[in-house]
Amino acid sequence: MPAINSTQTPTQKDSAQRPSPLTPKEWDQQFPGVLDAIAIMAGAANVIMQLARLPVGHGVVESRVESGALFKHPIKRARTTITYLGIVWLGTAEEKQLYRAAVNGAHRQVHSTEQSKVKYNAFDPELQMWVAACLYWGIVDTNQKLGYRMSPSQRQAFYRLGSQLGTTLQVKADMWPADEDAFERYWQQGLAKMEIDETTRDFFNRLIDLEFLHPILSKLFGPVNRFMTIGFLPPAFRDELCVAWDSGKQRKFERLMSVIRSVNCATPRVLRQLPFYYVMWDFRRRVSKGVPLV
């Protein structure tokens, strides 16, 4: 461990204590498939999982951050989310600090008011921990559905890195469960706190049906997105969302995933990871030009 000069700033100290992030190629060697762009198809399901805690869901639905509203700026919202994942996995300590500050600026506007039915605050570490846990669970689940299998040692190493999904924001390192068994206990406790009300259910259905797109695109691609989104949701979330799913639909989903796996495996690594290359290039360009990051 390198020595830390007492004159260093907190950001410099943070950088000195952390190893350099893995490159996209190293990610594919050590944790195959984690950065594959095709995993984005499970994004809507993961958003539902995150927002299935009422304070998180109402915080997003009622958010006063107009520039980050999904139904007004869908491309910008998607870019912000993918950039966050890119910074978590590929960013340096300094880049994480920069993006944390930018996201915090938006989050300061996300808090409940006297008129809110549900109390929430975007700076609540417990709620951010739930969001990070959903991201981690979703990444592992989608990775498996794409046919990748990590060894026990790979899973342990990736689990340790997974804490950055929360610590890049307000989650403290000691809040991340100590190991995968502890995470599973946390996950089950989190499921018990899950609740979808009329407000969030309506938001989720509009999200699943792609109503933020042009009506023609929504009509064309909405049914496919609905099927895939529900397929990626764990049973408990399907039940809470009140959507139908049976063994026939499950078999159809698995057949479709088999085709997707074959196509993805035949795709060169750089193309599989292209969105992460792009968002990191775009992030660094924005930093150099002093353009807002979110």
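1. Tyr-99 counts as buried, because its relative accessibility is 1% and the cut-off for buried is under 20%. Keep in mind that this is a predicted model.

2. Tyr-99 has an aromatic partner, Phe-283. The pair is edge-to-face, with 5.8 Å centre to centre and 70° between the planes. Tyr-99 belongs to helix 6 (residues 93-107) and Phe-283 to helix 16 (residues 274-289), so this contact ties together parts that are 184 residues apart in sequence. Phe-283 also counts as buried, at 2% relative accessibility.

3. A second pair to look at is Tyr-136 with Phe-158. These rings are stacked. Their centres lie 5.7 Å apart, and the angle between the planes is 25°. Here too distant parts of the chain are linked: Tyr-136 sits in helix 7 and Phe-158 in helix 8 (residues 152-162), 22 residues apart. Tyr-136 is buried, with a relative accessible area of 3%. Phe-158 counts as buried as well, at 0% relative accessibility.

4. How many aromatic pairs does the structure hold? The count is 25. Among them are the edge-to-face pair of Tyr-99 and Phe-283 and the stacked pair of Tyr-136 and Phe-158.

5. Two charged side chains deserve a look against aromatic rings. The charged end of Arg-53 is placed over the ring of Trp-130, at 5.4 Å from the ring centre. Lys-252 lies over the face of Phe-227, and the distance to that ring centre is 5.3 Å.

6. The structure has one cavity of 30 Å³ or more. The volume of the largest cavity is about 40 Å³.

7. Which residues line the largest cavity? They are Ala-42, Ala-45, Asn-46, Met-49, Trp-137, Gly-138, Asp-141, Thr-142 and Phe-232. Two elements give two or more residues to this lining: helix 3 (43-51) and helix 7 (125-145). Helix 7 gives the most, with four residues.

8. Asp-141 is one of the lining residues, and Asp counts as charged.

9. For viewing, start with helix 7. Residues 125-145 make up this helix. Then turn to helix 6 and helix 16, where Tyr-99 and Phe-283 lie.

Note on methods. Residues are numbered from 1 along each chain as its sequence is written. This is a predicted model: local features need pLDDT of at least 70, side-chain atom pairs count only at pLDDT 80 or more; totals for chains, interfaces and linings use all residues. Side-chain values use heavy atoms; hydrogens and water are left out. On a 1 Å grid over the protein atoms alone, a cavity is a set of points where a 1.4 Å probe fits but cannot get out, and a pocket is an open set with protein on both sides within 12 Å along at least five of seven lines; lining residues have an atom within 4 Å of a point. Grid points are joined across faces, edges and corners, and a volume is the space filled by probe spheres set on the points. Rings of Phe, Tyr and Trp (its six-membered ring) pair if their centres lie within 6.5 Å; planes under 30 degrees apart count as stacked, over 60 as edge-to-face and the rest as tilted. Buried means under 20% relative accessible area, exposed over 50%, partly exposed in between (1.4 Å probe, protein chains only). A charge sits over a ring if NZ of Lys or CZ of Arg is within 6 Å of the ring centre and within 35 degrees of the ring normal.
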